[in-house]
Amino acid sequence: MQYKQGSIGRVIVAKLEHGDDLLQEINKLLRSERLESGILFMIGALQSGSLVVGPECCSVPPEPMWKDFCDGREVVGIATVFSQAGEPGLHFHATLGRGDEALTGCIRKGARVYLVVEVIILELLGTGAIRTLDPLTGMTMLGF
C-alpha cells in the first residue's frame, strides 16, 4: 500500500439541471476551477447513460462489461479527481436504482441528468496524487 497525507481546501457545491451531460458539466467545472485533486459526492437522478458494471471475467487487463440504461434512475455516487496529464482525471462510481432493480458501476459516458443532480466537491491539497497509466492493466490509476 502507498499513501500520502493532505488537507481539505475549497468546498464546491453545484447543481446540474435536467438534460445536462453529467460528465461533461463536471469536467468543465473541474477545469474552470483548476481543481487538481478532490473527492466528489453526488445525489439526484439520471435519465440515461452507460456504465461499466464489472469485468467480463477476472483477467488482466480487464475487458469491461457495459450496461446502458434509459429509464430514469435515482442515483448516489462518489468520485475521485486526480490530475491526469494536466487534466482532471475523474473516476466515478455510482449506484442507480429504479423500482426494485439497482445497478452499480463506473459511469463512463452518456449520463444525462433527470430533473436535478446535486454535487459537492472537496478539494484535496498536498497529497501529490495523480493518475498515471498502469502498463499491466492499461488503465489510468492512482499514483504519487
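Glu33 counts as partly exposed, at 33% relative accessibility, where buried means under 20% relative accessible area, exposed over 50%, and partly exposed in between (1.4 Å probe, protein chains only). This is a predicted model, in which local features need pLDDT of at least 70 and side-chain atom pairs count only at pLDDT 80 or more, while totals for chains, interfaces and linings use all residues. Residues are numbered from 1 along each chain as its sequence is written, and side-chain values use heavy atoms, with hydrogens and water left out.

**Salt bridges around Arg10**

- A search of the whole structure finds six salt bridges, a salt bridge being a side-chain nitrogen of Lys or Arg within 4 Å of a carboxyl oxygen of Asp or Glu.
- One of them joins the side chains of Arg10 and Glu33, with 3.0 Å from N to O.
- That pair links distant parts of the chain, since Arg10 is in strand β1 (residues 7-17) and Glu33 in the loop between α1 (22-32) and β2 (37-55), 23 residues apart; helices (H or I, at least four residues) and strands (E, at least two) are DSSP runs, numbered from the N terminus.
- Arg10 also forms a salt bridge with Glu123, where the closest N and O atoms are 3.0 Å apart, and this pair connects strand β1 with strand β6 (residues 101-125) across 113 residues.
- Arg10 itself is partly exposed, at 31% relative accessibility, whereas Glu123 counts as buried, at 11%.

**The salt bridge between Arg73 and Glu101**

- Arg73 and Glu101 form a salt bridge in which the closest N and O atoms are 2.5 Å apart.
- Arg73 lies in strand β4 (residues 73-84) and Glu101 in strand β6, so the pair ties together parts that are 28 residues apart in sequence.
- Arg73 is buried, with a relative accessible area of 4%, while Glu101 is partly exposed, at 39% relative accessibility.
- Elsewhere, salt bridges that share partners join Arg10, Glu33 and Glu123 into one network.

**Cysteines**

- The count of disulfides comes to zero, a disulfide being a pair of cysteine sulfur atoms within 2.5 Å.
- Cys58 is in no disulfide, and the nearest cysteine sulfur, that of Cys57, is 7.0 Å away; Cys58 is exposed, with a relative accessible area of 82%.
- Cys70 is likewise in no disulfide, with the nearest cysteine sulfur, that of Cys106, 20 Å away, and Cys70 counts as exposed, at 71% relative accessibility.
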